[in-house]
Every structure is written in C-alpha cells, then in structure tokens.
Amino acid sequence: MEKYVNTEYHFVRNSGGLSGKELAKLSDDELAEYLRQDSILQEKKKYRINPDFILREIAGEYTIIPTGGNNVFSNAVMAPNETAVFLWEAFQQPSTIQDVVVEAMQKYDATEEQIYNSISNFVKQSLEFKVLEEVV
C-alpha cells in the first residue's frame, strides 16, 4: 500500500516562451523536454524560512531575531516592513516564488512583473544571508 501524501499545486511561471495553446499541442515527450529546461526547473524550486530565525511582533512593530549561531546576524535584529512580513509568512511553508507571487497579487496593487521581481530579490538576498533555505 502507498503512503498518502497531501495534494499540492504549485504555480510555475512559464518562462520557456510557449503559449498555453502551444504547450497543449506538444507530445508527451516534447512537453517533458520543455519542462526540463533550466528556466522551468528554476521556477519549481521551493524555499522556506530558516528555522534559526523567528519573527516577533512587539508593540505593533515586527522584529526578526536570529536564534542560531551560524548566521551573519548573530549580534543584530532585523526590522522588516509590512511587505517583508507578508513574504516571511508566505515562506513559512515550502513555496515556490510563483506561489508567493500569486498570493501577493491578491493582496497588493502592483503588476505581476513588479511583484515577481521584488519577491525574486527577496529570495536572492534571503538565501545569501541564510534567512531562507531551499527545500529539496
């Protein structure tokens, strides 16, 4: 008997250049090859907040506190703005960038491109400082 796994759907940004109609016409082998492109694989990566950091709300202000000893911010705290708090909460569960873009588009008045670029920068910087980690 197989182990039950909860259903998951993730949005993958179609960065390969083909439209939905064009994708639908591809054979299974062609579609598999298309989905193996590096740009598509990058979009499928999942990230989550490193458990060595916690977010606290104190008197209406948010603070990110490093709790592990192996990070750049061992003697500092971070003060995120409301958008950073939204992203922090969105990445509590393993998520792709596009998953969070879809959530953000429901909350913020901005173009998809603006939101995507902002979240991509957040992910890049957060990975650099080990605030986010890639989930395998």
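# A tour of packed helices and a pocket

Helices are DSSP runs of H or I with at least four residues, numbered from the N terminus. This is a predicted model, with local features needing pLDDT of at least 70 and side-chain atom pairs 80 or more, while totals for chains, interfaces and linings use all residues. Residues are numbered from 1 along each chain as its sequence is written, and side-chain values use heavy atoms, without hydrogens and water.

**Stop one: α4 and α5.** Color residues 82–90 for α4 and 97–107 for α5. Their axes lie 11 Å apart, at an angle of about 135 degrees. That makes α4 oblique to α5. Axes are lines fitted to C-alpha atoms over the stretch in contact, and angles run from 0 to 180 degrees between N-to-C directions. Under 35 degrees is roughly parallel, over 145 roughly antiparallel, 65 to 115 roughly perpendicular, and the rest oblique. Now show Phe86, Leu87 and Ala90 of α4, with Val100, Glu103, Ala104 and Lys107 of α5; these make the contact (heavy atoms within 4.5 Å).

**Stop two: α5 and α6.** On α5, pick out contact residues including Ile97, Val101 and Met105. On α6, Ile115, Tyr116 and Ile119 are among the partners.

**Stop three: the largest pocket.** Select Ile64, Met78, Phe122, Ser126 and Val131. Of the twelve lining residues, these lie nearest the centre of the largest pocket. A pocket is an open set of points on a 1 Å grid where a 1.4 Å probe fits, with protein on both sides within 12 Å along at least five of seven lines; lining residues have an atom within 4 Å of a point. α6 supplies the largest share of the lining, three residues.

Methods. Helix = DSSP H or I, 4+ residues; strand = E, 2+ residues; numbered from the N terminus.
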